[in-house]
Amino acid sequence: MHDGIIYMFVPGASVQAVDGTNGDLIWEYQRDYPQSVAAATRAQQEIGIYEDMLYLAARTACWSRSMQDRKVRWETKVDKVARRGRMLVADGKVITSRTCPQGVREFCFIVAHDAKTGKELWKFYSTAAPGEPGGDTWADMPVDSGGRTLGPAGLL
């Protein structure tokens with residue numbers, strides 16, 4: 001909620017802005033997805049707010065819209081794997097994470113984008129590779145081993 005407006009996801013992977021005082025619909029945004037993207041996957045989205053921008057993190061992309069004119073300010077494709085976890089918008093950064101399908105390290109990361117431009121600022125892999133800090137703590141386990149990935153329990 002921001003300035004009396006409630007921003008929410010609704011069935012069909014739409015985003016709505018609703019007047020918080022009376023429930024009237026102010027606007028609705030429906031993102032176009034390819035037919036190959038399952039309906040359940042389309043709903044895997046997060047909303048964040050920073051200054052005058054509304055941030056939406058979805059399956060493989062993150063984008064920003066102006067809360068005033070609702071125009072897309074930027075959009076960036078993050079990767080080809082579905083996003084998991086939550087989005088955090090803080091200190092001028094939009095921070096999202098990715099899942100680790102079958103232990104493939106290239107998809108196991110947390111990434112920060114500039115909140116105003118969408119430019120990638122940094123990327124942190126959740127498993128250390130040989131030669132990186134902590135990389136030697138995995139003994140001889142291969143980098144892309146399912147046991148080497150850090151799920152939520154491994155990060156606690």
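This note walks through a predicted model of a protein chain, from its overall layout to two residues.

1. **Layout.** The protein chain has two helices and eleven strands.

2. The chain holds 156 residues, and buried residues make up 43% of them. The chain exposes about 8,800 Å². Carbon and sulfur atoms supply 52% of that area.

3. **A residue to check: Val 89.** Look for Val 89 in strand β8, which covers residues 83-90. Is Val 89 buried or exposed? Its relative accessible area is 17%. Buried means under 20%, so Val 89 counts as buried.

4. **What Val 89 touches.** Set aside its neighbours within four places in sequence. Val 89 is then in contact with Gly 48, Ile 49, Tyr 50, Tyr 55 and Val 94. Ile 49 sits 40 residues from Val 89 along the chain, yet their C-alpha atoms are separated by 7.0 Å.

5. **The start of the chain.** Met 1 lies in the segment before β1, the strand at residues 5-10. Its relative accessible area is 67%. Exposed means over 50%, so Met 1 counts as exposed.

6. **A surface patch.** Which residues make the nonpolar surface patch of about 280 Å²? Met 1 is one of them, together with Ile 6 and Met 8.

Conventions:
Residues numbered from 1 in each chain as written. Predicted model: local features only at pLDDT ≥ 70, side-chain atom pairs only at ≥ 80, totals over all residues. Heavy atoms only, no water. Patch = residues over 30% accessible without salt bridge, like charges linked within 9 Å, V, L, I, M, F, W, Y side chains within 5 Å. Areas by Shrake-Rupley, 256 points an atom, 1.4 Å probe, with all protein chains shown as cover. Salt bridge = Lys/Arg side-chain N within 4 Å of Asp/Glu carboxyl O. Helix = DSSP H or I, 4+ residues; strand = E, 2+ residues; numbered from the N terminus. Buried < 20%, exposed > 50% of the residue type's maximum accessible area, 1.4 Å probe, protein only. Contact = heavy atoms within 4.5 Å.
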